[in-house]
Amino acid sequence: MVQCLTYHRRLPYNTASNKARLSQIPKNRIAYLYTKTVGKAPKSACGMCPARLCGVRAMKTNILMRSSKMKKHVSRACGGSMCATCVRDRVKCAFLTEEQKNAVKVLKAQAQSQKAK
């Protein structure tokens, strides 16, 4: 014989906020155990990456405020706000712009030395 299960709370519909799982309770009975909704992991601050940040736990904002810093960021530059590929691209871009500035300075110096001769 199958046991009839009913919700304990006043919301009788299977909505996102009313999720429950089956749990065995004493007297060998099965009952609904209400589960909390899980938050989402933060997205990248760059705005270009569609994926969520890796290494940062997915939790609600009120739990996120109470949790330790270890669970909110990754040990990397811009760890809790930008993904690794965006940080890598930003470092590459900064390096290449600095190299371009240095190359312009070197070319100007060479041009002046040739004019002096």
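**Cysteines, a buried asparagine and the overall shape**

Trainee: How many disulfides does the count come to?

Mentor: A disulfide is a pair of cysteine sulfur atoms within 2.5 Å. By this rule the count comes to zero.

Trainee: What kind of model is this, and how are residues numbered?

Mentor: This is a predicted model, in which local features need pLDDT of at least 70 and side-chain atom pairs count only at pLDDT 80 or more, while totals for chains, interfaces and linings use all residues. Side-chain values use heavy atoms, without hydrogens and water, and residues are numbered along each chain as its sequence is written, from 1.

Trainee: Which cysteine has the sulfur closest to that of Cys 93?

Mentor: A disulfide is a covalent bond between the sulfur atoms of two cysteines. For Cys 93 the closest cysteine sulfur is 12 Å away, too far for a bond. That sulfur belongs to Cys 86.

Trainee: Is Asn 18 buried or exposed?

Mentor: Buried means under 20% relative accessible area, exposed over 50%, and partly exposed in between, with a 1.4 Å probe and protein chains only. Cys 4, at 67%, is exposed, and Cys 93, at 46%, is partly exposed. Asn 18 has a relative accessibility of 2%, so it counts as buried.

Trainee: Which residue stands opposite Ala 20 in S2?

Mentor: Strands are DSSP runs of E with at least two residues, helices are runs of H or I with at least four, and both are numbered from the N terminus. S1 (20–25) runs antiparallel to S2 (residues 29–34), joined by six bridges; two strands pair if DSSP finds at least two. Opposite Ala 20 stands Tyr 34.

Trainee: What is the radius of gyration of the chain?

Mentor: The chain has two helices and two strands, in the order β-β-α-α. The radius is taken over C-alpha atoms, and the globule rule is 2.2 Å times the number of residues to the power 0.38. That rule gives 13 Å for 117 residues, and the chain is well over this, so it is more spread out than a compact globule. The radius of gyration is 28 Å.
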